[in-house]
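Me: I've got a model open and I'd like to talk through its ring contacts and its ligand site. Can you take me through them?

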Amino acid sequence: MGENPNDMDHLYEECGVFGIWGPNRDVARLTAFGLRALQHRGQESAGIAVGNGETVLVRKDLGLVDSVFTDADLAAMRGKVAIGHVRYGTAGAKSWESAQPHLSTIGTTIIALAHNGTLVNTDELRRELIERNVFFRSNTDSEVAAQLVGYFTTQMHHLREGIRCAMRMIDGGYAIVLLRENALYAFRDPNGIRPLVLGLLGHDDYVVASETCALDMVGAKYLRDIAPGEIVRISDDGLISEKGVKPRQQARCIFEDVYFSRPDSYVDGSSIYSMRYEMGRQLAREAPVAADMVFGVPDSGLPPAEGYAHELGLPYGEGLIKNRYIARTFIQPTQELRQLGVHLKLNALRDNVAGKRLVMVDDSIVRGTTSKQIVKMLREAEAKEIHVRIAAPEVKWPCFYGIDTGTQDQLISARYSEEQVCKYIGADSLHFLSVKGLVHACPKGGYCTACFTGDYPVSIPDDFSSERFLTGYRPHNLTKPPRGARMQIADFVHEYHEEDNA
Ligand code: SF4
């Protein structure tokens, strides 16, 4: 097994989105607050667009929210409606052009769009749009979505119709916020893969966000999740909800519950913290072990570690201390930093671990390099036994819906058995939570579990996926492309008008 301690050894969310309708509020500043609450979803770039009733202003750059926006920037962005975005990007280069919100024009109207997720069929849509003289500034799928909305809006003479048509053409996982000078739109993919929630601020202002922790940050009250396939429009006319596309079988990303979302967020009314705690209890039932102390790998390993300890009546404590002030953007791949590896982020609490039989609970193992370094660190701190328990099943399949898993050969569990992985990381024992156990801990149902099972809820074009799988792995249960998704744009417009006239 190859080893590069600086390999990205976690799955990374590609983005967080935020939107606010508040004509008498400091919408840019509130958006910056909301983005701070979502910073864990993306640290490469941040951006805010504001609609002031006449035009749209945007500021975006590479870096963390606090480094991109000064007080003066926010004070200069007065308006009634705003959207914001934090990005961890893989679909497209890490450049200013790839930072969002993405600005484009439809005739004389400026729109700004911010997107969380990945669209799987943008290559062909981009080709078709280029043939129709649409000019692209970046190679992101979000720009394809924005240009598609623009193209259809021009054809239909109505922005909401443009959004609806675009939703019928694009495939994948997406939660999108979009604004023009005097309105906010939010829409979500028909499987509900990526999260998007709606909140009420005061009496008649509204907030939409990737997670409820961003609503809490600005003092908004959670109303509900945006439904799969729904379009919400908020303007001086109030909130209007309508069906953008027909919802399909619900397939919420279960990794949001395992790792991506903040523990103080809620999904469809269920607490992320409680679900993670329950994952730990379930794991304890499936893989108990005698031990002197249970601890979690900060931060997302903490709630399942508590649940594990509680279920078995074992002492719960701290085994690792996290250095909270290392931003990912700071960690450049130099040789010196590579050697420091996980020590940059974590340190063993020697007094708590020396001479003890330990259970270490973590949320997932992706490449295995981090777990291996932590186990080594604990051995150096004279732990007696180290039993690793993972509060999720083995990650064996790449994600195509907004999470950066890279190619399948980078996933250690796609290539090696649980026993082999245990040997590689140097633990005394290793167990992963079963898929059944995970689903049991997440009571709502209707999940995407494809990175564990290969059961992809949205079909993936061959040219998009073929290089991502190891020999011998072919995803099963691919659904047929939905009607319209592979249709030429011109045919689509024609058929859409015919349906309207029927
Ligand atoms: S494949 Fe995994 S990470 Fe991707 S959407 Fe599905 S559950 Fe989430």
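Predicted model: local features only at pLDDT ≥ 70, side-chain atom pairs only at ≥ 80, totals over all residues.

Me: Take Phe255 and Phe260: is the pair stacked, edge-to-face or tilted?

Reply: Stacked needs planes under 30 degrees apart, and edge-to-face needs over 60. The ring centres of Phe255 and Phe260 lie 5.4 Å apart with the planes at 40 degrees, so the pair is tilted.

Me: And is Phe255 buried or exposed?

Reply: The cut-off for buried is under 20% relative accessible area. Phe255 has 2%, so Phe255 is buried. Phe260 has 5%, so Phe260 also counts as buried.

Me: Which helices each supply at least two residues of the shell around the ligand?

Reply: The residues around the ligand include Ile254, Phe255, Ala450 and Cys451. The space the ligand takes is the largest cavity. The helices asked for are H8 (254-260) and H17 (450-453).

Me: How many residues of that shell are charged?

Reply: Arg counts as charged, while Ile, Cys, Phe, Tyr and Ala count as nonpolar. Arg194 is one of the residues around the ligand. The shell divides into 10 nonpolar, no polar and, for charged, 1.

Me: Which ring does the charged end of Lys372 sit over?

Reply: Arg252 has its charged end over the Tyr447 ring, 5.1 Å from the centre. For Lys372 the distance to the ring centre is 4.5 Å, and the ring belongs to Tyr424.

Note on methods. Residues numbered from 1 in each chain as written. Heavy atoms only, no water. Near = heavy atom within 4 Å. 1 Å grid on protein atoms, 1.4 Å probe; cavity = no way out; pocket = protein on both sides within 12 Å on 5 of 7 lines; lining within 4 Å. Sits in = over half its atoms within 2 Å of the grid points. Helix = DSSP H or I, 4+ residues; strand = E, 2+ residues; numbered from the N terminus. Phe/Tyr/Trp six-rings, centres within 6.5 Å; stacked < 30°, edge-to-face > 60°. Buried < 20%, exposed > 50% of the residue type's maximum accessible area, 1.4 Å probe, protein only. Lys NZ or Arg CZ within 6 Å of the ring centre and 35° of its normal.
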